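Take a look at the model first, then we'll go through a few spots.

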Amino acid sequence: MKLHRLDRSNLQNNSFSVNHNSYPNFLRIWHCHEELELVLILESTGTLFIGDGIQKFKKNELVLIGKNLPHMWRNDDIYFDLSSNLKAEAISIHFKKDFLGLNFFQSPEMSDISNLLERSGYGIKFSNYDPKIIEKVKKLNTLNGFEKLMELMAILNILAKHNKYELLSSEGFLNSFNRSGNKNLDKIYSYIFKNFNKTIKLKDVAEVANM
């Protein structure tokens, strides 16, 4: 599957964007973008492909995705059944690492958030977080201007100090992806997306890469 580079820069006079989406299923596109993305799953189940990681996702999943980190949210097969009434609903926040200026997060007071943004390059899934953060994310679309920015900063600060999380992709993947942009990765991921519910052998992946 080809990697698509998407443009999330339509900010409509804002330094970051907040989108509340509800569809029968999420778009099955293996993609990346310049912006970091904080995603809260409100309703949905499926599999998250991120870097070289594969994770099941469910309601209230909270994930921070770093700059140019390839990912795809693939709903369970039932979401593509024409008779299904299920919804894939999520809030996504997109912002660039320097959305408040080149040096803003380099100040001592911002060190925790700066470290969080660095870790996001691997993809971060948060667990056992305070449920109040769900309401804070939902609240963002009711705010404007300074209040909206301060609420986002409060969310990032909470997540930066939260120590229950999992990194979702490996350093090996990032090094390989950033260094080479290997064309064989398209073949490999196409194979993985089609066979992720089966036992995947390294021998089979190597054969696909060399085709």
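Which residues does L64 touch, not counting residues up to four places away in sequence? They are E37, L38, F95, L116, S120, G123, I124 and F126, with contact meaning heavy atoms within 4.5 Å. Bear in mind that this is a predicted model, where local features need pLDDT of at least 70, side-chain atom pairs count only at pLDDT 80 or more, and totals for chains, interfaces and linings use all residues. Residues are numbered from 1 along each chain as its sequence is written, and side-chain values use heavy atoms, leaving out hydrogens and water.

**Around L64**
- L64 sits in strand β7, residues 62–65 (strands are DSSP runs of E, at least two residues, and helices are runs of H or I, at least four, numbered from the N terminus).
- L64 counts as buried because its relative accessibility is 0% (buried is under 20% relative accessible area, with a 1.4 Å probe and protein chains only).
- From C-alpha to C-alpha, L64 and L156 are 9.9 Å apart in space, yet 92 residues apart in sequence.

**Where two helices meet**
- On one side of the contact between α1 and α3 are D112, I113, L116 and R119 from α1; on the other are M153, L156, N157, L159, A160 and K161 from α3.

**Around H31**
- H31 belongs to strand β3, residues 31–32.
- With 8% relative accessibility, H31 counts as buried too.
- H31 touches L3, H4, L6, R8, L69, P70 and H71, again leaving aside residues up to four places away in sequence.

Terms used
Buried means under 20% relative accessible area, exposed over 50%, partly exposed in between (1.4 Å probe, protein chains only).
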